[in-house]
Amino acid sequence: MLYFLLSYDGVQGERILSKSEDVELEKQLKLLNKPAIKIVQTKYGDIYDCVDFYKQHAFDHPLLKDHNFHPKMKPTLSSIKKNSSDSTSSWSLTLWSKDGGCPFGTVPIKRITKDDILRQRHLPPPEDVTFDAQFDVNNNNSEPKERYTSGYKVAIARTPYDANNKFRGAGMVTNFYNPEVDGRQHTACRLKIQKGSEILQVGWRVDPTLYGDSKTRLFIHTQVDKTHCFNTLCSGFVHVNTEIPLDMSLMNSVAHRGGTTFEGRIYIEQDLDSGNWWLLLSDNYDQVGFWPQQIFTGLASFATNVEWGGVVYSPAGVPKPPMGSSYFPIGDNLYDAFCRSITVLNETGTVNQVDKVTIHIDNPNMYQAIFERLESDKESYLYVLYGGPGEKSQI
C-alpha cells in the first residue's frame with residue numbers, strides 16, 4: 001500500500017492508495033502533464049509548463065485528431081472593438097516571475113499533481129442544464145423557485161426567453177472579489193452561454209476543491225452533454241496565448257469595497273467563418289484560445305441563452321458561502337460586485353447592448369441581483385449588481 005498525506009478542503013488526513021490506484025493516477029498525470037519545453041513560475045508560486053502547441057491536451061479529443069490548427073491562428077470576428085465606447089483596466093500581465101512567460105509556439109499549462117487529481121474527485125456535479133421557459137418569461141419580480149442541482153444558488157440576469165434566440169457570442173465587463181469560502185464550498189461570477197445541454201462559461205471563482213487554494217482565479221468550464229470539466233482538465237479547448245493561463249491568479253486585481261475597483265472585459269465570440277468559439281480578454285481583445293466547432297452539435301451553430309452574474313455551491317448541510325462582494329447590492333459600483341456593459345452578438349455577428357433581462361434569484365433571503373443604470377466616470381452603463389448574504393445597511 002502507498003500512503004499520501006493530502007491537504008484539501010482545509011483539512012489534512014491520510015489517504016491510502018493501492019498500487020493499482022497509484023498506477024492509474026500516474027496514467028492520468030501523464031495524459032494531463034505534457035512534456036515541457038520550458039518551466040515558468042508566477043509571482044504567486046504557481047508552476048506552469050510551456051507545452052508545445054501541437055502537444056497540448058486539447059488535441060487528445062477524438063474529434064480533433066485530424067485538425068489543421070496552428071499557433072498563429074487568428075479568428076475572423078465581428079467589429080466588437082468598434083462598438084465598445086468604454087474602456088477598462090488591462091488584464092494584468094505582471095503575472096510572471098523574472099523568467100517571464102512562455103515562448104512562441106508553446107502555451108502555459110498548470111502542472112497537475114496527484115493531490116490535485118484526488119482533491120478534484122470531490123468536485124460537485126455541474127448545475128442542471130434544464131432551461132425552464134415558463135419561469136423565464138415571468139417578470140423580474142416573479143417568485144423564485146429551485147431549478148438548479150442541489151447545493152447551487154444563483155443570482156443572475158438572463159436574456160429573456162425567445163424560441164428564436166440565436167446568439168453568436170456575448171460579453172461583459174466585471175470586477176473581481178475574493179469571498180471567503182470553506183471546505184468544498186465555491187463562489188464564482190460567470191458569463192454563460194448555452195444551447196441545450198452544451199454550455200460554455202468563463203469568469204472568476206474561488207474554489208479550494210478545484211485549485212487547492214482560496215485565491216480568486218480565472219476559469220473556463222466546458223459542458224457537452226454529460227462531459228464537463230474546468231480549464232484544461234479535459235480535452236477540447238485549444239489554447240493559443242503564450243501569456244495568459246486559463247487558471248491565472250487575479251489576486252492583484254481584487255476589489256475592496258468602497259475603494260479602487262479593477263475591471264476586466266470578457267467575451268466569448270463565434271468565428272463566423274470557422275464556427276469556433278473564441279475566448280477574448282481585455283480592451284485589446286487578447287485571444288486566449290477557442291473551443292473548436294467540431295466538438296459541438298448544438299453550439300456548432302449558435303447559442304440560445306446567455307447569463308451574467310453570481311453562483312455559489314456548498315454541500316448538503318453546509319451553510320451557503322458569500323457571493324460577489326459578500327453583501328447585498330446597494331446600487332453603487334464601488335461597493336457592489338457587478339457585470340456591466342453586457343452584450344450579445346446576434347446571428348450576423350452584430351453587437352447589441354442588452355437592455356432587458358430576466359432576473360433569477362434562487363434564495364432572495366441570502367442573495368440578490370438587480371439590473372439598473374449607474375453613472376461611472378461620467379459615463380452611463382447598465383449594470384447587473386449581485387451578491388450576498390450581507391444586509392442592506394452595509395457601508
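Are W278 and F290 buried or exposed? Both W278 and F290 are buried, where buried denotes a relative accessible area under 20%, exposed over 50%, and partly exposed the range in between, with a 1.4 Å probe and protein chains only. The structure is a predicted model, in which local features need pLDDT of at least 70 and side-chain atom pairs count only at pLDDT 80 or more, while totals for chains, interfaces and linings use all residues. Residues are numbered from 1 along each chain as its sequence is written, and side-chain values use heavy atoms, with hydrogens and water left out.

A pair of aromatic rings is described by the distance of the centres and the angle of the planes. Rings of Phe, Tyr and Trp (for Trp, the six-membered ring) were paired if their centres lie within 6.5 Å; planes under 30 degrees apart count as stacked, over 60 as edge-to-face, and the rest as tilted. The whole structure contains 12 aromatic pairs by this search. One of them joins F53 and F59 in an edge-to-face arrangement, at 5.6 Å centre to centre and with 65° between the planes. F53 and F59 are both buried. The pair of W278 and F290 is tilted, because the ring centres are 4.8 Å apart and the planes stand at 35°. This pair links distant parts of the chain, with W278 in strand 14 (residues 277-281) and F290 in strand 15 (residues 286-291), 12 residues apart. Helices (H or I, at least four residues) and strands (E, at least two) are DSSP runs, numbered from the N terminus. One aromatic cluster is formed by F53, Y54, F59, F69, W278 and F290.

In soluble globular proteins, nonpolar side chains tend to be buried together. A nonpolar core is here a set of buried Ala, Val, Leu, Ile, Met, Phe, Trp, Tyr and Cys residues joined through side-chain atoms within 4.5 Å. The largest such core comprises 76 residues, and those with the most contacts inside it are L191, W277, L279, W291, W308 and Y386. Another core lies apart from it and has 10 residues, including Y152, V154, Y211 and V311.

The cysteines were examined next. With a disulfide defined as a pair of cysteine sulfur atoms within 2.5 Å, the count comes to 2 disulfides. C50 is joined to C102 with an S to S distance of 2.1 Å, and the link is left-handed, with -85° about the S-S bond. The pair connects distant parts of the chain: C50 belongs to strand 4 (residues 47-52), whereas C102 lies in the loop between strand 4 and strand 5 (106-110), 52 residues apart. C50 is buried at a relative accessible area of 0%, and C102 is buried at 6%. C229 is buried, with a relative accessible area of 9%. When the bonded cysteines of the protein chain are numbered in sequence order, the pairing reads 1-2, 3-4. C339 takes part in no disulfide, and the nearest cysteine sulfur, that of C189, is 3.7 Å away. This separation is too far for a bond. C189 is buried at 0% relative accessibility, and C339 is likewise buried at 0%.

On a 1 Å grid over the protein atoms alone, a cavity is a set of points where a 1.4 Å probe fits but cannot get out, and a pocket is an open set with protein on both sides within 12 Å along at least five of seven lines; lining residues have an atom within 4 Å of a point. The largest pocket holds about 480 Å³ of space, a volume being the space filled by probe spheres set on the grid points, which are joined across faces, edges and corners. This pocket is lined by 28 residues, of which L123, H228, C229, F230 and L233 are the closest to its centre. Elements that each supply at least two residues of this lining include helix 1 (19-32), strand 8 (186-195) and strand 11 (227-230).

The search of the whole structure also finds 4 cavities of 30 Å³ or more. About 220 Å³ of space lies in the largest cavity. Among the 20 residues lining this cavity, K110, I112, T232, L233 and D247 are the closest to its centre.
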